[in-house]
Amino acid sequence: MITLTVNGVDRQLDLPGDTPLLWVLRDALGLTGTKFACGVSVCGACTVHIDGLAARACVTPLSEVAGKTVVTIEALHEDEIGRKLQQSWLDGNVPQCGYCQPGQLMSASALLRQNPNPSDADIDKAMSGNLCRCGTYTRIRTAIKQAAKS
């Protein structure tokens, strides 16, 4: 039995320790906001927070998060930074297809928690691991800057 906290709820899971966190979230807990894309930690679509840091759920085994706190896109609105980012995403009409946006928002949230006033270079560096096939990078950067100012 592996215990962890997901979006503020303590969970006990009877799953193999090598089960990727992404499948735990999506299949065992029904939290489908975290997306599967590359499966090898290249695209960032599966980004979640583990103890406050951005992490790729597709390559993180369940055993690695035992006793830790996981936050997914479903709980992003529960803190001020998350709400500011969601509003700036809406204001800037950031998403196109939207598939990568949960991962983009989770990475942006982790960035603003560590650096509340990031430069363009800081944003580019922090977001470089999140790919967007629609090419919304300029709008993402603008939205992050707007959230930082608000």
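How are H3 and H4 oriented to each other? In this predicted model, the two helices are oblique to each other. Helix H4 spans residues 120-127, and its axis lies 10 Å from that of H3, at an angle of about 130°. An angle over 145 degrees would count as roughly antiparallel, and 65 to 115 as roughly perpendicular, so the value falls in the oblique class. The crossing of H3 past H4 is right-handed.

The H3 side of this contact is formed by Gln104, Ser107, Ala108 and Leu111. They meet Asp122, Ile123, Ala126 and Met127 of H4. By class, the contact of H3 with H4 comprises 5 nonpolar, 2 polar and 1 charged residues.

Ser107 belongs to helix H3. The residue is buried, at a relative accessible area of 4%. Beyond neighbours within four places in sequence, the contacts of Ser107 are Thr47, Arg56, Met127 and Asn130. Met127 is also one of the H4 residues at the helix contact. Thr47 falls within strand E3 (47-50), and Arg56 within strand E4 (53-56).

Helix H3 (residues 101-114) also packs with helix H5 (residues 137-149). Their axes come within 11 Å and cross at roughly 40°. H3 and H5 are therefore oblique to each other. This crossing, too, is right-handed. On H3, the contact uses Gln101, Gln104, Ala108, Leu111 and Leu112. On H5, Ile140, Ile144, Ala147 and Ala148 take part. These residues divide into 7 nonpolar and 2 polar, with no charged residue.

The structure contains 1 aromatic pair. The ring centres of Trp23 and Phe36 are 5.2 Å apart, and their planes meet at 40°, so the pair is tilted. Planes under 30 degrees apart would count as stacked, and over 60 as edge-to-face. The pair links distant parts of the chain, with its members 13 residues apart. Trp23 sits in helix H1 (residues 21-28), while Phe36 lies in the loop between H1 and strand E3. Trp23 is partly exposed, at 30% relative accessible area. Phe36 is partly exposed as well, at 36%.

Asn7 is not a glycine, yet has a positive phi of about 55°. Asn7 is found in the loop between strand E1 (2-6) and E2. With a relative accessibility of 18%, Asn7 counts as buried. Asp51 is likewise not a glycine and has a positive phi of about 50°. Asp51 is placed in the loop between E3 and strand E4. Asp51 is partly exposed, with a relative accessible area of 46%.

Gln12 lies in strand E2 (residues 9-13). Gln12 is exposed, with a relative accessible area of 59%. Gln12 and Ile2 are 10 residues apart in sequence, and their C-alpha atoms are 5.5 Å apart in space. Apart from neighbours within four places in sequence, Gln12 is in contact with Met1, Ile2 and Thr3.

Note on methods:
Residues numbered from 1 in each chain as written. Predicted model: local features only at pLDDT ≥ 70, side-chain atom pairs only at ≥ 80, totals over all residues. Heavy atoms only, no water. Phe/Tyr/Trp six-rings, centres within 6.5 Å; stacked < 30°, edge-to-face > 60°. Helix = DSSP H or I, 4+ residues; strand = E, 2+ residues; numbered from the N terminus. Buried < 20%, exposed > 50% of the residue type's maximum accessible area, 1.4 Å probe, protein only. Axes fitted to C-alpha atoms, helices over the stretch in contact; angles between N-to-C directions. Parallel < 35°, antiparallel > 145°, perpendicular 65-115°, else oblique. Left-handed = near helix turned anticlockwise from the far one by under 90°. Contact = heavy atoms within 4.5 Å. Nonpolar A, V, L, I, M, F, W, Y, C, P; charged D, E, K, R; others polar.
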